[in-house]
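Please open the model in your viewer and keep the selection tool at hand. The tour below goes from one selection to the next.

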Amino acid sequence: MIILSGGTGTPKLIDGLRAHLSDDEITVIVNTGEDIWISETFVSPDIDTVLYLFSGDLDKTRWWGMIDETYTTYNQMKKMGKTELLMLGDRDRATNLIRTNLLKTKSLTEATVCVAEMLGVSANIIPMSDEIITSRIKTPDGELHFQEFWVGKKGAPEVLSFYYEGIENAKISKKALEALKKEDCVIIGPSNPMTSIGPILALPEMREILKNKKVIAVSPIIGTEPVSGPAGKLMASIGMDVTSKSVAEFYRDVVDVFVYDIRDTVIDPAEIENMGILPVAFDTLMTDFEKREKLAGKVLELFKLI
């Protein structure tokens, strides 16, 4: 089973999938568009969230960072006049320091394999690409790295548009291609479709590959609001309505089944059917493990209909 992941929404679904599948049956192709250098250390937030989920280290109250974390280094640097953009914990910083050292001789994919082994992770965690791709946000005051926009500015600036810097020269990582050749079933998780899933789908050949797979997507939108994150602001910046219908349209050339929330009174299932996609309503608000497990089980059942 392959899952396309980024942000915090999809890791919740993956957590539920682990109740139905063994870790070594799960392959996660992860967004790298939010990767960033912090204090000469290469940080890959979406990859680390998934790694920590499988290693048992993820802070599930925030769905990022590690449990039992301390911030001694961050606070001491701040005291000395150096405030980092991301508040890296001491345990998390160790992962990033090891990755940075590995990248001196290895690709990001190879470094991720090494870190996964060190953390005891048996799931197949794969960066979407080994090239540098950066989600950049255009605002009235200039362009911002996604992390500068979302963390540094707390998502406050007006968004004029956004783009994926470096995408035209990037390739799907070799390991991800190998996984896609072996697996027929793909889940697009309920992450931000613009900057968590969008960069993965924007990779050359990715959409063509997915057209020949069985693909189920879970919407991150309920009504006219995202469950979390800046998806709504980014969607509106390029003229998209902030609705599950718009997400389905964004995925329509690759998706067979589209799961939306039972509380969503805005979506018209008939409009999804007219796109050639099967609409399915279910509880997608994964507020506890039982709900995560049930949603994951439902998604797996739906593959039988494709």
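Are α1 and α2 roughly parallel or roughly antiparallel to each other? Select helix α1 (residues 9–17) and helix α2 (residues 45–55), whose axes come within 10 Å and cross at roughly 25°. The two helices α1 and α2 are therefore roughly parallel to each other, since angles under 35 degrees count as roughly parallel, over 145 as roughly antiparallel, 65 to 115 as roughly perpendicular and the rest as oblique. Helices here are DSSP runs (H or I, at least four residues), numbered from the N terminus, and axes are lines fitted to C-alpha atoms over the stretch in contact, with angles from 0 to 180 degrees between N-to-C directions.

This is a predicted model, in which local features need pLDDT of at least 70 and side-chain atom pairs count only at pLDDT 80 or more, while totals for chains, interfaces and linings use all residues. Residues are numbered from 1 along each chain as its sequence is written, and side-chain values use heavy atoms, leaving out hydrogens and water.

Next, select helix α4 (residues 90–102) together with helix α5 (residues 108–119), which pack at an angle of about 140° with their axes 9 Å apart; α4 and α5 are therefore oblique to each other.

Now show the side chains of Arg 207 and Asp 253, which form a salt bridge (a side-chain nitrogen of Lys or Arg within 4 Å of a carboxyl oxygen of Asp or Glu), with the closest N and O atoms 2.5 Å apart. This pair links distant parts of the chain, 46 residues apart, with Arg 207 in helix α9 (residues 206–210) and Asp 253 in the loop between α11 and β13.

Finally, move to helix α13, where Glu 290 and Lys 294 lie four residues apart, about one turn of the helix, and their side chains meet in a salt bridge (3.2 Å, N to O).
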